[in-house]
Amino acid sequence: LGRPFYVDAAIFIRARVFDEIGGFDPRLFLYCEDRDLCWRLQVYGYEVVVSENATFCHDSFCAIDEHGRLTTNLRKRFMGEAFTLRMLLKNYSLLTLLWILPAYICINMAEMVFFLLTLKWKVVFCVYLKAYLWNLLNLADTLKRRALIQRQRRISDNIIQSRMYKGSGK
């Protein structure tokens, strides 16, 4: 399977390391908090590993219905979009961010056009536009955290990206 980029839900981490990387981002209430933590672990030079013998049951915040279908709502979608953008802004180096951010915004624009054309306007306003507004309102804090993370960076984006899934999570 190779080295994982992040571990979902059941994370064991030394308290010293948790404190060193700044712990959980208090603004990431749900969704992305585990990815953000694991991403910063790697930026700081630590490894993320999976115990082959561990078993953990996680209900994914009820993301799967009784028929095994993925479910979502506007609040979940908003948190996913808003927190992903914050995570990108904090954790990527400036050079990588200069090409990732325009690509990310283009994907979001295409999705918004799709939802507008299918008359799902609430998705555009309550998810995407609200997520960008949330990031603008939290930009000062994001940039403060970004400065600290980038000062402590020990591993390049190229190495970290080699561990990431290469498709869209959407």
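This is a predicted model: local features need pLDDT of at least 70, side-chain atom pairs count only at pLDDT 80 or more; totals for chains, interfaces and linings use all residues.
**View 1. Helices α2 and α3 side by side.** Let us start with helix α2 (residues 33-43) and helix α3 (residues 74-91), whose axes come within 11 Å and cross at roughly 10°. Angles under 35 degrees count as roughly parallel, and α2 and α3 are therefore roughly parallel to each other. On the α2 side, the residues to look for are R35, D36, W39, R40 and V43. Their partners in α3 are M87, L88, K90 and N91.

View 2. Side chains of opposite charge can pair when their charged atoms come close. Here E20 and R16 meet through their side chains in a salt bridge, with 3.9 Å from N to O. Both E20 and R16 belong to helix α1 (residues 15-20). They sit four residues apart, about one turn of the helix. For the whole model, the count comes to ten salt bridges.

**View 3. A nonpolar patch on the surface.** Five names to find in this view are L116, L119, W121, F125 and L129, which form a nonpolar patch on the surface. Together, these residues have about 540 Å² of accessible area. Helix α5 (residues 121-137) supplies the largest share of the patch, three residues. F125 has its place in helix α5.

**View 4. I155 and its contacts.** Leaving aside residues up to four places away in sequence, I155 touches Q42, V43, G45 and I160. One of these, V43, is also among the α2 residues that meet α3. I155 and Y46 are 109 residues apart along the chain, and their C-alpha atoms are separated by 9.0 Å.

Terms used
Residues are numbered from 1 along each chain as its sequence is written. Side-chain values use heavy atoms; hydrogens and water are left out. Patches are made of residues with over 30% relative accessible area and no salt bridge: like charges are joined within 9 Å, nonpolar side chains (Val, Leu, Ile, Met, Phe, Trp, Tyr) within 5 Å. Accessible areas come from the Shrake-Rupley method with a 1.4 Å probe; for residues, only the protein chains shown count as cover. A salt bridge is a side-chain nitrogen of Lys or Arg within 4 Å of a carboxyl oxygen of Asp or Glu. Helices (H or I, at least four residues) and strands (E, at least two) are DSSP runs, numbered from the N terminus. Axes are lines fitted to C-alpha atoms, for helices over the stretch in contact, and angles run from 0 to 180 degrees between N-to-C directions. Angles under 35 degrees count as roughly parallel, over 145 as roughly antiparallel, 65 to 115 as roughly perpendicular and the rest as oblique. Contact means heavy atoms within 4.5 Å.
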